[in-house]
Amino acid sequence: MLFETHKDRVYSIALRYAGDAAAAMDIAQDTFVKLLSSIQQFRGDSSFESWLYRMVVNSCLDYHRKRRRFLPLMDEALDTFRPSNEARSTRCCAKRQEERVQQVVAQLPEEQRIVVGVALYGGPFV
């Protein structure tokens, strides 16, 4: 009943904080897990809505802390898969060179294009 009553408000607060629907769902889920495990601690000093709002905000802050801690590790892992600047530069130059060769070959008479195509590509260059 608590979930059904407050799910839209919790999700709305989380979405405004995170700006991402998937993250907001994670935050809302975390909030309700915390709510259900600590409902006995609600003393009634403030309204339930205020207590729940504070819980959502704390979940948002926890999410941000976890994400901030995780992102540097993720960047480091991705760096191992990213090609180096030198490799990117080499690939870029090779691609430009190949395009230029194709442009020059395309200007040759058909008989010469066939010869060059067979030599370079194993088949006629059309």
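Colleague: Does Lys7 count as buried, partly exposed or exposed?

Modeller: Relative accessible area sorts residues into buried (under 20%), exposed (over 50%) and partly exposed in between, with a 1.4 Å probe and protein chains only. Lys7 has 29% relative accessibility and therefore counts as partly exposed, while Glu4, at 51%, counts as exposed. Bear in mind that this is a predicted model, in which local features need pLDDT of at least 70 and side-chain atom pairs count only at pLDDT 80 or more, whereas totals for chains, interfaces and linings use all residues. Residues are numbered from 1 along each chain as its sequence is written, and side-chain values use heavy atoms, with hydrogens and water left out.

Colleague: With which residue does Lys7 form a salt bridge?

Modeller: A salt bridge here is a side-chain nitrogen of Lys or Arg within 4 Å of a carboxyl oxygen of Asp or Glu, and by this rule the count comes to four. Lys7 pairs with Glu4, their closest N and O atoms being 3.3 Å apart. Helices (H or I, at least four residues) and strands (E, at least two) are DSSP runs, numbered from the N terminus. Because Lys7 and Glu4 are three residues apart in helix α1, about one helical turn separates them.

Colleague: Which residues are linked in a network of salt bridges?

Modeller: The network links Asp30, Lys34 and Asp62. Within helix α2, Lys34 and Asp30 lie four residues apart, about one turn of the helix, and their side chains meet at 3.3 Å, N to O. Lys34 also forms a salt bridge with Asp62, where the closest N and O atoms are 2.5 Å apart; this second pair links distant parts of the chain, with Asp62 in helix α3 and Lys34 in helix α2, 28 residues apart. Lys34 counts as partly exposed at 24% relative accessibility, as do Asp30 at 22% and Asp62 at 22%.

Colleague: How many residues does the largest nonpolar core have, and which have the most contacts inside it?

Modeller: A nonpolar core is a set of buried Ala, Val, Leu, Ile, Met, Phe, Trp, Tyr and Cys residues joined through side-chain atoms within 4.5 Å. The largest one has 14 residues, and those with the most contacts inside it are Val10, Leu35, Phe48, Trp51, Leu52 and Val56. Two or more residues come from each of α1 (2-18), α2 (21-38) and α3 (48-79), with α3 giving the most, six residues.

Colleague: Which residues does Val56 touch?

Modeller: Contact means heavy atoms within 4.5 Å. Leaving aside residues up to four places away in sequence, Val56 touches Val10, Ile13, Ala14, Ile27 and Thr31.
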